[in-house]
Structure formats: C-alpha cells, structure tokens
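Please open the model in a viewer and display it as a cartoon. The stops below proceed from the overall fold to individual residues.

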Amino acid sequence: MRGGPKTVEMNYPFSLKAVAGEDLSGDSSVAGDETVEQFIGSEIEPVKIAEYKEPYVGNGSFSSEDYYLVVQKGKAILVKTTAVTHTYGYRTQRVEYSWEAIGLPKIPKERLVIHEEHEELGG
C-alpha cells in the first residue's frame, strides 16, 4: 500500500486495534520498540471469528493469528492480525506484529448451498 493506511475520512462508532512492527523489549541488547498501533474503524463492533496459535515449544519461533470481521461503507472486511514470537530458551527475545485487511466479495444467494431441511444430530 503506497504511503501506508489512509487517514480518517469519517469517524466510525467502533474500532479494532491492530499493531504493526517489532517489540524488542525482550532483547536487552536493543533499546526500545518499533511498534505502531493503528485503529481500524468499523460500523459494527469488531467480531473475532477465528484464531490459530502454534504450540509454544520453548526455543525458536511460533506464531498466532486472529481473524476479525469489521464493516466499512457497508462492506464486510476480514482483518488478520499476526504475532510471531522469537524465543531463546524460555525467554522472549522479539515479537513481530503485522496485520492485513481482506475485502470480502458479495456472493449471490444462487451460488450458496442452502439446506432446505434441518436434521437433528445424534437422533
């Protein structure tokens, strides 16, 4: 995205905090963080719809991803936030944060699989 995210054109009633950059506070040889908090506006309260977390193994890198639904100008947008943690032994050395927004297309009802009858499970 050229020039980074757009500045506020309008105020939305809700927002989702997304972080980008590196948190170097776990590494004592480096001073400070290089993170930026950004607030993504939404017409609805952002809804967390899924998460994925790699198991912590104690040495190396592992990541976590969270997926949120927001709405801007009547359009659904999926926001994926990612945190990659780098460790040495059992100490966190660095965390890399990123996020991306994915516009969801409108799908005609004719293309959806719609179940006409609902069957009870286990019965």
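Begin with the sheet: six strands form an open, antiparallel arrangement in the order 2-1-6-5-4-3. Strands here are DSSP runs of E covering at least two residues, whereas helices are runs of H or I with at least four residues, and both are numbered from the N terminus. Two strands count as paired if DSSP finds at least two bridges between them. Select strand 2 and strand 3 (47–53) next; these stand at the edges with a single partner strand each, so one side of each has no neighbour in the sheet. From one strand to the next, the twist averages 20°, the angles (0 to 180 degrees) being taken between the N-to-C directions of lines fitted to C-alpha atoms.

This is a predicted model, in which local features need pLDDT of at least 70, side-chain atom pairs count only at pLDDT 80 or more, and totals for chains, interfaces and linings use all residues. Residues are numbered from 1 along each chain as its sequence is written, and side-chain values use heavy atoms, with hydrogens and water left out.

Now colour the whole protein chain by secondary structure. Six strands and zero helices are present, giving the pattern β-β-β-β-β-β along the sequence.

Move to strand 5 and strand 6 (residues 91–103), an antiparallel pair joined by twelve bridges. Within this region, select Thr85, which stands opposite Val95 in strand 6.

Next, select Leu24, in the loop between strand 1 (14–23) and strand 2 (34–42). Is Leu24 buried or exposed? Leu24 counts as buried because its relative accessibility is 12%, where buried means under 20% relative accessible area, exposed over 50%, and partly exposed in between (1.4 Å probe, protein chains only).

Then go to Lys73, in the loop between strand 4 (60–72) and strand 5 (75–88). Lys73 is exposed, with a relative accessible area of 58%. Its phi is near 55°, a positive value in a residue other than glycine. Most residues other than glycine have a negative phi.

Finally, display the surface of the whole protein chain. Its accessible area comes to about 9,600 Å², and 53% of that belongs to carbon and sulfur atoms; the areas come from the Shrake-Rupley method with a 1.4 Å probe. Of the 123 residues, 24% count as buried.
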